[in-house]
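Subject: Structure handover

Hi,

Here is the structure I promised to pass on. My notes follow below it.

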Amino acid sequence: MRFHVTAISASNQLRGDLLTGDLHTGDRIVIATSGQLSQVRNIFSEGETRDSAAGPATLTIELTDMLPLSVGNIIAPADARPEVADQFEAKLNWQGRDELLPGRSYQLVTVNGNTIASISKLKYRLDQASGQHIAANTLQTGESGICNMALTAAIVFDPVAVNPETSKFELLDKRTGATLAKGEIQHGLRRASNVHWQALDVDKLSRAAIKQQTPCVLWLTGLSASGKSTIANLVEKKLVADSKHPYLLDGDNVRHGLNKDLGFTDADRVENIRRVAEMAKLMLDAGLIVIISFISPFKAEREMARSLFAEDEFVEIFIDTSLEVCEQRDPKGLYKKARRGEIKNFTGFDSPYEPPLNPELHIDTESVSAEQAADTIIAHLNAAGK
Ligand code: ADP
């Protein structure tokens, strides 16, 4: 039995949908999200009191206890509870105009609520005609596949084999609300409930205190050759000269190690930034001033990176240089190669750059020198008391 609460009256009568199964007065039930127990006191259907009801049906019920409930809650038998997890395996049918990007965060809507989700691993695509499993890094419009998903908060659900209604979800574009995918949960991933965050005695504050600094992330974004590395390098030197403890993570360098398995497709760029953001979070936790020098072309991933940090910990710095000037500078000869067609997916040419709309700092390198830009960043840190 699964009862989905859609409205709550002042007298604590619960209006909702009996999605599946039977409900009887006296049944022992659980509120799936909170784990609170109660019993069914009354069932009302079409203005009449009933002893029982069978789903699917729209009903009003009363419980024997006044529990803090909210719309969207799922009520289930106390001895046949749905699962609660923040990771699961799902079947997805992709409907977005743009391809699916594993690692990007999407809005996940289920029968009982709303949270943020990303595809942590696309396992395979399902061939439409034969149902065969085909290795894939992405899904195009109309394609289906099996993937692992990670959520920012746990949800209540049933595996599709147990209850299709409570296994269903949709993925929406976070900004526009457009439907990007429909899915059903195959099963929860056991690791979700078994891997707990290890609470440690030494924390971020104490690690920062011995370094006598307030850790933060300076996230430099801009086109290739805009000046990110040059400015980041100067900022790091100035911080060290001031006895601070910075660490500069440079896009090219990280691509030689941790991210050497990633290329420059949209999907790989998303994963590149996800890993860098997670690494920055660990470094911030270590008490460091983290300087990130990555093109990071997509707004969605910069927002995702920002969401990992407290408001005053993340400083987005737009290194603003026009494509023409970047191409003239071309310190690594990459634009020349891109013009000759020797580099695919080059930002500004055949791969987009989405400029930040509200960065904490906006630096126009065509009107200030690299040295002045670095001083502006240091002045911003000083003003913020870092
Ligand atoms: P990115 O890391 O963004 O790819 P780089 O720092 O490697 O860019 O390259 C930028 C190039 O532009 C360097 O050769 C640098 O000397 C030059 N440059 C000229 N003016 C500036 C400026 N105002 N700020 C930063 N770099 C500048």
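G188 is buried, with a relative accessible area of 18%. Buried means under 20% relative accessible area, exposed over 50%, and partly exposed in between, with a 1.4 Å probe and protein chains only. G188 sits in strand β16.

Before the rest, the ground rules. This is a predicted model: local features need pLDDT of at least 70, side-chain atom pairs count only at pLDDT 80 or more, and totals for chains, interfaces and linings use all residues. Residues are numbered from 1 along each chain as its sequence is written, and side-chain values use heavy atoms, with hydrogens and water left out.

Domains

The protein chain is assigned domain 1 (2–77), domain 2 (83–194) and domain 3 (204–383). These bounds come from an automatic or database domain assignment. The C-alpha centres of domain 1 and domain 3 are 52 Å apart.

Cores

M149 turns up again here. The largest nonpolar core has 27 residues, and M149 is one of those touching the most other members, along with F88, L92, W94, L108, F169 and L171. A nonpolar core is a set of buried Ala, Val, Leu, Ile, Met, Phe, Trp, Tyr and Cys residues joined through side-chain atoms within 4.5 Å. Elements that each supply at least two residues of this core include β10 (83–94), β14 (144–157), β16 (179–188) and α5 (266–285). Helices (H or I, at least four residues) and strands (E, at least two) are DSSP runs, numbered from the N terminus. Domain 2 and domain 3 each give this core at least three residues. A second, separate core holds 21 residues, among them A232, I289, I317 and I377.

Ligand

The ligand is surrounded by 16 residues; A225, K228, S229, T230 and V368 are the closest. A residue counts as near if one of its heavy atoms lies within 4 Å. Helix α3 (residues 228–241) gives the largest share of this shell, four residues. By type, the shell has six nonpolar, seven polar and three charged residues.

- A225, backbone: 2.7 Å.
- K228, side chain: 2.7 Å.
- S229, side chain: 2.6 Å.

Taken alone, the ligand exposes 570 Å², and the protein buries 76% of that. Areas come from the Shrake-Rupley method with a 1.4 Å probe.

Best wishes

Technical notes:
Polar contact = N/O pair within 3.5 Å; in protein donor to acceptor, adjacent residues only side chain to side chain. Nonpolar A, V, L, I, M, F, W, Y, C, P; charged D, E, K, R; others polar.
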